[in-house]
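Take a look at the sequence and the fold below.

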Amino acid sequence: MTTVFRSRRAVLPSGEEAADVVVRHGRIAAVEPHGTIEPSGGELVDIGDLALLPGLVDTHVHINEPGRTEWEGFETATAAAAAGGVTTLLDMPLNSLPPTTTAENLAAKQRATAGKLHVDVGFWGGAIGTNTADLAELHAAGVFGFKAFLAPSGVPEFPHLDADDLDEVLTEVARLGTVLVVHAEDADVLAEAPQPDGQVYGHFLQARPAAAEHRAVATLVGAAKRSGARVHVLHVSSATVLPVVAAARLEGVAVSAETCPHYLLFAAEEVPDGATSFKCCPPIRAAINRDALWGGLAAGVLDLVVSDHSPCPPELKRLDTGDFGTAWGGISGLQVGLAAVWAAASARGHGLGDVVRWMASGPAEFAGLASKGAIETGRDADLVAFDPDPVHVVDPADLRHRHPVTPYAGKSVRGVVQGTWLRGERVDGVTPRGQVRRRSITFSRRSDAIPPVHPSCDVANPGSGEEVR
């Protein structure tokens, strides 16, 4: 049976076009001019003037099942993803119990998905220093790479790497032909900073200074040079790291970087004291820093925009006391990422093609998901009908996350997902259609993993990244 998706605004690799997208057996069989294909014995899905996007790919999600399913589980997380236009996500290896640090623990994760996935899900493995001998088996079992911290992770079962551990892990990552994705804050800088307490957001910012990100990224780049390994900087919040990443890339170091919707939409000056729903690590910084992050996206130094969806039960957010020192650091935003980024991107003159590059094709290419991230022949028919025009306020009651505690509550965003299809089948949030995905690509050395930097864009002076409160 053939299904034809028809839109006057399909966002294709070549740009926005009026098109008929022909789907057979869950794959895109052809992309033809608008109105030229009639499905014989099949279905026509004509979305008119709505934009037809490829399903988004979110490579940074904490699902927490098994072990902390009361924080977030596969069923609720993937339902929220589909409602927000995300059709593939990669789960981070920590906050579940056990963490994904051995092949046995990965198998427990995979078993926990049974009958619960509304979108496709893959897994990162964890590198914690004591499990370097286990990385090869995890790699063979299909993880997409390995996650590490350079500062305490917040959970005792997932320790951070010191300098010697980092060199050892990167040597193994290079040998395996995979990637290390890194929470880059420097443990020594954080230890020397004043410890946060109370309701003043500015005090929390002082506890997570931009210098911690800058030093950690410099450390990571130096280790990557020595090992030849491919590395990726997670959730960049400080624009001071952009020149470090850009310079390393020009030297031939295989380093990429991402940021998140909350760093692009919010600013420290706007965070109310006591509003612990905004707490995340690294933190939301000043408006001038936010502007520089947008510059990093335009320059191609920041490659991806992903959610870092990191939920917890409401009581762990300390909403009753508003104490930033004791509240869990993590933001729930998986379902609202597209509308949040589009609201800010369109206001800055960016188009839907830019958003698709940052949130679909870019993450798919980064992770080696060759069948995802674009509307073109041969790819999975993961599609999203998106009305880009309505401005609306986020209502937590509409969110499918397990706990609708989010800083986006009451925030104006732009665009509404009107339908999500996974391999040509509509995701209804009731019938699970998702699959477990496994890594299918190996990177040899540096040269096949270096993203481009736009030569006309200047990121040499992105601003201090420091906040004044």
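Which residue in β14 does Thr 259 stand opposite? Its counterpart in β14 is Val 305. Keep in mind that this is a predicted model.

## The sheet

Thr 259 sits in strand β13, which covers residues 255-259. Strands β13 and β14 run parallel, and 2 bridges join them.

Both strands belong to an open sheet of 6 strands. The order is β9-β10-β11-β12-β13-β14, and the pairing is parallel. At the edges stand β9 (125-126) and β14 (304-305). Each edge strand has a single partner, so one side of each has no neighbour in the sheet.

## A helix across the strands

Helix α4 spans residues 163-176. This helix lies across three strands: β10 (146-149), β11 (179-183) and β12 (230-233). Relative to β11, α4 runs at about 145°.

## Two packed helices

Two packed helices are described by the angle between their axes and the distance between the axes. How do α7 and α8 pack, and at what angle? Helix α7 (residues 210-227) meets helix α8 (residues 242-250) at an angle of about 10°. Their axes are 9 Å apart. With angles under 35 degrees counted as roughly parallel, α7 and α8 are therefore roughly parallel to each other. The crossing of α7 past α8 is right-handed.

Which residues make the contact? From α7 come His 214, Val 217, Ala 218 and Val 221. They meet Val 244, Val 245 and Ala 248 in α8. The contact of α7 with α8 has 6 nonpolar residues, 1 polar residue and no charged ones.

Key
Residues are numbered from 1 along each chain as its sequence is written. This is a predicted model: local features need pLDDT of at least 70, side-chain atom pairs count only at pLDDT 80 or more; totals for chains, interfaces and linings use all residues. Side-chain values use heavy atoms; hydrogens and water are left out. Axes are lines fitted to C-alpha atoms, for helices over the stretch in contact, and angles run from 0 to 180 degrees between N-to-C directions. Helices (H or I, at least four residues) and strands (E, at least two) are DSSP runs, numbered from the N terminus. Angles under 35 degrees count as roughly parallel, over 145 as roughly antiparallel, 65 to 115 as roughly perpendicular and the rest as oblique. A crossing is left-handed if the near helix is turned anticlockwise from the far one by less than a right angle, and right-handed if clockwise. Contact means heavy atoms within 4.5 Å. Ala, Val, Leu, Ile, Met, Phe, Trp, Tyr, Cys and Pro count as nonpolar, Asp, Glu, Lys and Arg as charged, and the others, Gly among them, as polar. Two strands pair if DSSP finds at least two bridges between them.
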